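Here are my notes on the model, point by point. Please read them with the structure open.

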Amino acid sequence: MSSITTAANTDAKSSGQTAPLTLLSIRNVAKQFGKNIVLRDISLDVAQGEFLTILGESGSGKTTLLRIIAGFETASAGEVWMGEERLDLQPPYRRRVNTVFQHYALFPHLTVEQNVAYGLRVANRPEAEIASRVSEALEKVKMSVHAKSKPSKISGGQQQRIALARALVNRPRLLLLDEPLSALDANLRRQMQVELKSLQREVGISFIFVTHDQEEAMVMSDRIALLRSGELEQVATPREIYGRPATAYAAQFIGHTNLLKGEVRGGTVRCGSLSWPVSLPDGPALFSLRPENIHLASEKSATGGHVRVRGKVRHQAFHGATELIRVECGDGMALVVRTAGSGGALHDVELEFSARDAVLVRESPERI
Amino acid sequence: MFSRAYKAAVTLPPLLWVTAFLLIPYLLMFCYSFWSVSASQTIVHSWTLANYGQLLRVSVYWQTLLRSMWIAARVTIFSLLLGYPLAYFLSFYAGKKKDLFYQLVIIPLWVSYLVRAYAWKTILGSDGVLNTLLQYVHLTKHPLEFLLYSPFAVVLTLTHIYTPFAFLPIYAALEHIPRNLVEASHDLGATPGQTFWKVILPLSIPGVVAGATFAFVLSLGDFLAPLLLGGPSGIMISNIVVSLFGAAYNWPLGAAISFCMLLLVVTLLVFSERLEKKWSFS
C-alpha cells in the first residue's frame, strides 16, 4: 500500500468534515499486456459524491485504469470494490457504473431520445417511466429540442451532452468520464468544464474524470490522482498538489516551477548562489519554487526569512495579467519569475523569495 | 485540380469499354428479343411481341423462372445462415487467429468452380461417399436417390459455392462497427445477447443486404450446377437460355428471357442499394 491513501485521509480530516463514505476502493491493481506493464500496484479510494480526476500524460495508464473500473479490461492483479461488492468479478453490464466515452460512442442508428432510453429499455423499465426519465435527462442537459435527431445531425458539444444524459439517466453510483472534453474547441471546453462540475454537484454522483489537461483537472476536481508510467505519483486536492507537490514530477506537471537541486549541510541548504536555513538532515535535497512566489525585491523589504539574489534578465514574456521572466543568477542557474506586468524591459534585477515557499520534493514517489 | 485533358484521358477508356462490351450487347439483346425466327431458320428483323407472349403462355418458361428464383432464395437464406455466424465469430471472437480463419474462407474461391461442383457429385451420387457411409452404418438399405440430380443437390452446391460471397460483405460490415459502441451497450447494462440484437445486427444490415444480393443474383443466373447436379427436376432458367441460344436455335426467345432476368436483377440491385443506404450511418 502506498502512502497515497493516507494523504487523502488527512486531507479529509483537516478540512474539518467527518470522513466521507468510501464508494469505490481500488486495491493493489496492476495490469500488463504481455511484457508491457501498464499499471503497477494502484491503490485508491473514491468517496461518495467526490469528483476525482485521474491526471496523466498519454501512456500513463489512466484510460486503462478507467477501463478496469468499467469492466472492459480485467486487472492482472488486485481488486476493485464498490461498498461490500467485489466489482472486478462482475461483467460490465452488471456494474452500477456508467461511462462517458472519449468519442461519445452514441448509437448512430438510434435517435437522441432512443440513445438516452437505451439503458432503461434493456433493463425492461415500464414505458411510462422511460419516457419521463428520458425527457427529464434531456432537459437537464438542455437537449430536449434535439430528441428526435440522429446523432450525426448534431454538433460535437451536443453529442457530448447526450452521452452525459445517456449515462446519468440510469442513476449510476459512479460515472466514469474518459477525456470527454478533448474533442471540443477551447471555448466550449471551458464552458463544459463549469457545466459538468455544477451538474456533478447537483446529481451528487461520484465522478472519475480522466484527462491529460492539468488545467482542466485543477478547475474541476475535488481531488487529483496524478498517474505517471502506471504509478500514482500523488493524490491530493488541487490546492495541495499545487502548493505542496510531493515529487519533482508533480511540481512540473501541474503548473510552472523552478526545481532547485541543493546540498544540505549543518542546517543550511546551498543551491548555486542561493542559500537558506532548513531543518533537514545533511545530504542532497530537491526543492520546487513556483515562479509567482519569487518577487522583484523592493528596497524597503529586507525582512528576515527572505532569500535574495541578483541576476540578469535573459527573457521576458508578456502573458496579459502577468509576465514571465527568466533570470540568470550566476553558476548557470536560472529562475523563472512571474511578476505583475512590469511595464517595461528589465535588465539587472534583485529577486527575493520566502524560504518556506521552497517546497522539498522527492525525485520519485515514496513507497512503504 | 486536374486538367480537363487528364480527366478525359482517365474516364474515356472505361467509358469506351462499358459502351462496347456492355451497353451495345445489351441493346442488341434487347432488339433480338423483338425479332423472330423464320421456318428456314433465319432471323426475321421485324418487330413483334410474340417472344414475350410465348414466355407468359408456355408454362415451362415461367415455371422454370419461378423455380430458379425459389432455388436462389433458398441459397440466399442458407448462405446468410452460414455466413453471418461465421463472420460474427471471426470479427468478434477469433482474436489473433482472425487472419488464418479469413484465409480459410477465401481459399475455396481459388479452386475451380467445376472442381467444387464435381466434388459434390462424388459425395452425393448413388455410389458416392455419403450413400456408401449411410449404408455402411446401416442407416439405409438402398442408396438415397434424392441426394443427386435434384433441386436439393443444386441448392447444396450453390450454397457451398456462394457462402463466401455472402460472408465477405457481412464480415466487412461487422469489422466497421466501432468497438466502443459494443462497450457502450455493455456499459449501459445490455447483456451480450441484447447488444447483438440492438446494436450489432442493425449496424450490420448493409452487409447482410449486400451479401444476400450477391448470393441471390449469382445463384439465379447459375447454369453449371443444375447442368451437373440438377437432373431434370433441377433445371434452372439459365439452362433454358443456353439451349435456346444453342441447339434450339431461337435467339429471339433466349434474348427475351435474358432481358426479363436482367430486369429482375436490376430491380433487385436498385432495391438493395436503397436498403443499404437506409441502414448506413457513417
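Which residues does Ile208(A) touch, leaving aside those up to four places away in sequence?

1. Ile208(A) and its partners. Beyond four places in sequence, Ile208(A) touches Val46(A), Leu52(A), Ile54(A), Leu66(A), Ile69(A), Leu174(A) and Leu176(A). Bear in mind that this is a predicted model.

2. The largest nonpolar core. This core has 96 residues. Ile208(A) is among the members that touch the most other members, and so are Ile69(A), Val116(A), Ala165(A), Leu175(A), Leu176(A) and Ala225(A). Helix H5(A) gives the largest share of the core, six residues. Domain 1 (4-252) and domain 2 (256-361) of chain A both contribute residues, so the core lies between them.

3. The second core. A separate core of 50 residues includes Trp120(B), Leu174(B), Val208(B) and Leu253(B).

4. Helix H5(A), length. This helix covers residues 156-168 of chain A.

5. H5(A) is mostly covered, with ten of its 13 residues buried. The buried residues are Gln159(A), Gln160(A), Arg161(A), Ile162(A), Ala163(A), Leu164(A), Ala165(A), Arg166(A), Ala167(A) and Leu168(A). Note that Arg161(A) and Arg166(A) are on that list. The buried residues pack against two strands of chain A, S6 (97-100) and S7 (174-178). They also pack against helices H3 (112-122), H4 (127-140) and H6 (186-203) of chain A.

6. Chain A overall. Chain A has nine helices and 20 strands. Its C-alpha atoms fill a box of roughly 75 × 45 × 45 Å along the principal axes. Of its 368 residues, 39% count as buried. Take the contacts between residues at least 6 apart in sequence: 65% of them join residues at least 24 apart.

7. The two domains of chain A. Domain 1 runs over 4-252 and domain 2 over 256-361. Their centres, taken over C-alpha atoms, are separated by 39 Å. How many residues are in contact across the two domains? Seven residues of domain 1 meet six of domain 2. The domain 1 side has four nonpolar, two polar and one charged residues.

8. The contact between chains. Here 16 residues of chain B are in contact with 18 residues of chain A. On the chain B side, the elements giving two or more residues are helix H8 (179-187) and helix H9 (192-220). H8(B) supplies the largest share, six residues. By class, the chain B side has nine nonpolar, five polar and two charged residues.

9. Two backbone angles to check. Most residues other than glycine have a negative phi. Ala105(A) has a positive phi of about 50° although it is not a glycine. Ala105(A) sits in the loop between S6 and H3 of chain A. Gln41(B) also has a positive phi, near 60°. Gln41(B) sits in the loop between strand S1 (36-37) and strand S2 (43-44) of chain B.

10. Buried or exposed? The cut-offs are 20 or more other C-beta atoms within 10 Å for buried, and 12 or fewer for exposed. Ala105(A) has 24, so Ala105(A) is buried. Gln41(B) has 8 C-beta neighbours inside 10 Å, so Gln41(B) counts as exposed.

How values were computed
Residues are numbered from 1 along each chain as its sequence is written. Chains are lettered from A and ligands numbered from 1 in the order in which they are written. This is a predicted model: local features need pLDDT of at least 70, side-chain atom pairs count only at pLDDT 80 or more; totals for chains, interfaces and linings use all residues. Helices (H or I, at least four residues) and strands (E, at least two) are DSSP runs, numbered from the N terminus. Ala, Val, Leu, Ile, Met, Phe, Trp, Tyr, Cys and Pro count as nonpolar, Asp, Glu, Lys and Arg as charged, and the others, Gly among them, as polar. The expected span of a helix is 1.5 Å times one less than its number of residues. Domain bounds come from an automatic or database domain assignment. A nonpolar core is a set of buried Ala, Val, Leu, Ile, Met, Phe, Trp, Tyr and Cys residues joined through C-beta atoms within 7 Å.
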